[in-house]
Every structure is written in C-alpha cells, then in structure tokens.
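Here is a short briefing on nonpolar packing and charged pairs. Keep the sequence and the structure open while reading.

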Amino acid sequence: MRAMILAAGRGERMRPLTDTCPKPLLPVGGRPLIAWHLQRLAAAGFRDVVINHAWLGDRIEAALGDGTDYGLRIRYSAETEALETAGGIAKALPLLGDGPFLVVNGDVWCDWDPGRARSIAARLDALGWLAWCVLVTSPEHHPRGDFALDHGRLRTDDAGERLTFAGIGVYRPELFAAVPPGGRAPLAPLLREAAAGGRAGAERHPGRWVDVGTPQRLAELDAQLGSHG
C-alpha cells in the first residue's frame, strides 16, 4: 500500500514564514513538520510515499531526497501551480497504484496510526466504497465541522455528530475519475458525492490533532512538543 503527503499549498496564512520556506519544512518539535508524517509512515510499515509540491518544491526535494534517511522510497509529483487537493491527487495517481492509498495533509499534526490504513483499505474493497475519512472533534476555529459520522458512515447532513475532517483519508482511485488530468479540483465535493451515494466511511480519532495553519498554532504546537519532539 502506498501513501501520499499533500505539500503543494502556498501557505498564505503562514506568511511571512512561508515566503522563503515551504510550509512542510517549517520546524516544529525539533524537526520539519513533514518529517513527523514520514517517520510515522515508516514506523507503520509503509515504504512508498508520494509527495506533491508546487511553491518552493525544489527545497522540499533537496531536504528529503529519495527518502533513504527515513527508510522510505519517496517520489515527487511536481505541480507548476497548486491544483488543489483532488487535482493534486489525480495528477499523482500513476504513482499511487491501482488499489486504495492513504493521503495525509502535510499541514496537520496528528497521532493517528497510519498502520490502520491497511484494514481500512480492505474494508473499502469489500464494501465497494470509494473513501474513508478520519474525523476529529471540531476545533474552536472551525466549530461547525465538515461532516457527520453515523455508525461508520460519512454523512453530509446532521444525522450524526458534526465533526471536522482531519485531512487524513484512504481513497480508491475511482474517486477521482471525473477530475481531468492536470485540472484544479477540491476534494470536498467528491467526498460529499461519495457520502450521498452511501460509498464513504469514516471514523473518529480521539487523540491529538492540530491544523498547523497559522504562525500562532505552529508556535503552540512547537511549545507542546518541545525542542526535541
């Protein structure tokens, strides 16, 4: 099974920090933010990881190389301009294989176990579902949340508790069939369509999760993790 880390965003809310450093390389807890993902993926037994990039992408490649330092094989999907989440994933599909794959937003910090992705992928295959999303309790800056969770199913209505999408999901390639190659496309409409058709599942992660979207939240997380992680 393969994994993808989304790292193509410009990081507008993180400026001026991201004017000269791509957001995934911003240090937190004594290491680049993206390194936390890479280390968790390697510990969970993943070996093949795809990273997309656009803004200052050459610096991401220079910093991470081919992944040897992390016990991984990293391949890159370069975008001349960010294609949004679904567009970036669709462009990288040739690198992700024919089966379900794990996708993690590069600008979140979470202690969810990536090793769970394999059993989730098996469930998607068995049920013919297209997506499985990790949800978390909605933070103060996003109180309305994104979806509802109803007995393991992703819902777009208020049938269950409203929760926030963690930026972590397992998807089948077919979810992106309608996205034109190289086209810009957000992910949320595809997830809503799959949920409306009864082909999307979800789980609630009760552990730690941070949307590292502002300098303040970056500093708070860095303080919590400590200088040595």
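The largest nonpolar core holds 48 residues. Leu38, Ile51, Leu64 and Leu102 have the most contacts inside this core. Keep in mind that the model is predicted.

**Nonpolar cores**

- A second core is separate and has 31 residues. Among them are Leu93, Ala131, Leu154 and Leu163.
- Leu102 touches residues from several stretches of the sequence, leaving aside those up to four places away. Its contacts include Met1, Met4, Leu41, Phe46, Trp112, Ala117, Ile168 and Val170.
- Arg2, Pro114 and Gly169 are also among the residues that Leu102 touches.

**Salt bridges**

- The count of salt bridges comes to ten.
- Asp48 pairs with Arg73, with the closest N and O atoms 2.9 Å apart. This pair links distant parts of the chain, 25 residues apart. Asp48 lies in strand E4 (residues 48–53), and Arg73 lies in strand E5 (residues 73–78).
- Arg155 forms a salt bridge with Asp157, and their closest N and O atoms are 2.8 Å apart. Arg155 counts as partly exposed because its relative accessibility is 27%. Asp157 is also partly exposed, at 33% relative accessible area.

- Glu174 and Arg172 meet through their side chains in a salt bridge, 3.3 Å from N to O.
- Is Arg172 buried or exposed? Arg172 is buried, because its relative accessible area is 15% and buried means under 20%. Glu174 is partly exposed, with a relative accessible area of 41%.

Note on methods: Residues are numbered from 1 along each chain as its sequence is written. This is a predicted model: local features need pLDDT of at least 70, side-chain atom pairs count only at pLDDT 80 or more; totals for chains, interfaces and linings use all residues. Side-chain values use heavy atoms; hydrogens and water are left out. A nonpolar core is a set of buried Ala, Val, Leu, Ile, Met, Phe, Trp, Tyr and Cys residues joined through side-chain atoms within 4.5 Å. Buried means under 20% relative accessible area, exposed over 50%, partly exposed in between (1.4 Å probe, protein chains only). Contact means heavy atoms within 4.5 Å. A salt bridge is a side-chain nitrogen of Lys or Arg within 4 Å of a carboxyl oxygen of Asp or Glu. Helices (H or I, at least four residues) and strands (E, at least two) are DSSP runs, numbered from the N terminus.
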